[in-house]
Amino acid sequence: MGAKYRAIVIGSEQLKDNLKKNLITLVDINENYNSYSEAYKGLKQKRPDMVFVELEDNKDACFDFIRYVKKRYGSTMIFLIGQNKDPDILLKGLRSGISDFIEFSSINGNLLSILKESIARFKNIEEKGEIISVFSIKGGQGVTTIATNLADHIYTLTEDNVVLLDLNFYMSDLSVFLNSMCEYSPFDLIKDLPRMDEELLFSSLTRHKRGFYFLSVPEEKVDLQDLSPEDVDDMLKVLKNYMDYIIVDLPHDFSERTISVIDKSDILLVLVQQSVPIIKSVEKLIFLFEEMGIKDKVRIVLNRYVESDEISHKDISSVLGQEIIYKIRNDYKTIISAINSGNLLNAIFPDKRVNKDIKNIAIDITNMFPVKKQKNIKDIITKFFIKRK
Ligand SMILES: Nc1ncnc2c1ncn2[C@@H]1O[C@H](COP(=O)(O)OP(=O)(O)O)[C@@H](O)[C@H]1O
Ligand SMILES: [Mg+2]
């Protein structure tokens, strides 16, 4: 196990000692507070992972406090401790945001296993977001095209919280693709991190008219000193907490920052084209990913696919030793017309096959497959006879 969880107690010294003794292997408990105000200040300063709150006579004050803490520090687990699990108290507690209710009697009993279960449950809720990064070694291969349209399709299919994160700090062209400016940049998010919660995040993020959120660096704000790889890590953590999908438009570099995001991605879409130099460089890339131990999350996307090309997709997969998972056909006219008018493909060319190719990636990632109509035997027979008339 890694470092221990850090916790504070709101309640008696005796309760603190008792919790400390029973959770010694899992949790570090050093402070106890007897007033909510002192506890809140302590919490602000120490930022513990969990808070144990002893249920007091004035129950409403206790629930109000929990609600307050949860609103500001959503990632803190709160455990309420009381005599017995009265259903009414439990319900109020859960509504105010506790992770679990602990009976006094279980402190010297199975407390450790109760806590471990709660932590596992909490972790499942936390960091629910899936990171899908799009990458190519050189620019001009379609990363931004695919990332933007993928975000749009995933949102349309799920209406989940989807954010498009543009990490091209030097030369972002996202505002052109989306025909909208990002009012809240990664720099702003980093500045707000200490007080970030769900409400602040959703009220700050720029939302595109199609429904997904986007985070990008406005041209005038570029200052690379401002965002360290650690900053980007923290940003991803927050986004993973509140977003369902984070689609990353990765820069074409191997900076520490890019590698760190690749490492944290759940799916890494790597672009290839029917061109020998590109295939060769992707071959090297795959070797590198193998070395990094992350080959499993790589999905090769053959972009600008042309059926009749002398290099077939089978040739490419045999050179790469990797299957081509997705294909997006070549349709420059459609794509450039969408880009130049600042539109997403699905908004103006829903029926174009190139749009459907990207939609299929979104369907595969979200599992939102269309329901297949059961073929009726009568229909089949009718069709058969009509055809043969
Ligand atoms: N499937 C495709 N068919 C035709 N042209 C494409 C396709 N995908 C991308 N392009 C074109 O490639 C160019 C570069 O795309 P872009 O998304 O900006 O790449 P990157 O972000 O990798 O630099 C754009 O002009 C775009 O129109
Ligand atoms: Mg780009």
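Figure 1. Arg210 is partly exposed, with 25% relative accessible area; here buried means under 20%, exposed over 50%, and partly exposed in between (1.4 Å probe, protein chains only). This is a predicted model: local features need pLDDT of at least 70, side-chain atom pairs count only at pLDDT 80 or more, and totals for chains, interfaces and linings use all residues. Residues are numbered from 1 along each chain as its sequence is written, chains are lettered from A and ligands numbered from 1 in the order in which they are written, and side-chain values use heavy atoms, leaving out hydrogens and water. The side chain of Arg210 meets that of Asp152 in a salt bridge, at 2.9 Å from N to O. For the cut-off, a salt bridge is a side-chain nitrogen of Lys or Arg within 4 Å of a carboxyl oxygen of Asp or Glu. Arg210 sits in the loop between β8 (206-207) and β9 (213-215), and Asp152 in helix α7 (residues 143-158), so the pair ties together parts that are 58 residues apart in sequence. Helices (H or I, at least four residues) and strands (E, at least two) are DSSP runs, numbered from the N terminus. Asp152 is buried, at 0% relative accessibility.

Figure 2. Side chains of opposite charge can pair when their charged atoms come close. How many salt bridges does the structure hold? The count is 15. In one of them, Arg329 and Asp357 meet through their side chains at 2.8 Å, N to O. With Arg329 in strand β13 (residues 324-329) and Asp357 in helix α17 (residues 353-366), the pair ties together parts that are 28 residues apart in sequence. Arg329 is partly exposed at 28% relative accessible area, while Asp357 is buried at 9%. Glu13, Lys16 and Asp17 are joined into one network by salt bridges that share partners. Lys295 also has a salt bridge, with Glu290, where the closest N and O atoms are 3.6 Å apart. Both ends of that pair are partly exposed: Lys295 at 24% relative accessible area and Glu290 at 45%.

Figure 3. Strands of a sheet pair through backbone hydrogen bonds, either parallel or antiparallel. This open sheet runs in the order β2-β1-β3-β4-β5, with parallel pairing. At the edges stand β2 (27-33) and β5 (100-103), each with a single partner strand, so one side of each has no neighbour in the sheet. From one strand to the next the twist averages 25°; axes are lines fitted to C-alpha atoms (for helices, over the stretch in contact), and angles run from 0 to 180 degrees between N-to-C directions. Strands β3 (residues 50-54) and β4 (residues 77-82) pair in the parallel sense over five bridges, where pairing requires that DSSP finds at least two bridges between the strands. Met50 stands opposite Met77 in β4.

Figure 4. Look for Ser265 in the loop between α12 (256-264) and β11 (267-272). Is Ser265 buried or exposed? Ser265 is buried, with a relative accessible area of 4%. Its side chain makes a polar contact with the side chain of Ser133 at 2.7 Å. The Ser265 side chain also reaches the backbone oxygen of Val261 at 2.7 Å. A polar contact is a pair of N or O atoms within 3.5 Å; within protein, one must be able to donate a hydrogen and the other to accept it, and residues adjacent in sequence count only if both atoms are side-chain atoms.

Figure 5. Ile377, Ile380 and Ile381 form a nonpolar patch on the surface, with about 280 Å² of accessible area together. Patches take residues with over 30% relative accessible area and no salt bridge, joining like charges within 9 Å and nonpolar side chains (Val, Leu, Ile, Met, Phe, Trp, Tyr) within 5 Å. The areas come from the Shrake-Rupley method with a 1.4 Å probe, and for residues only the protein chains shown count as cover. Ile381 belongs to helix α18 (residues 377-388) and is partly exposed, at 42% relative accessible area.

Figure 6. Asn179 has a phi near 50°, a positive value in a residue other than glycine. Asn179 lies in the loop between α8 (174-178) and α9 (186-192) and counts as exposed at 53% relative accessibility. Arg304, also not a glycine, has a positive phi near 55°. Arg304 is found in strand β12 (residues 298-305) and is partly exposed at 33%.
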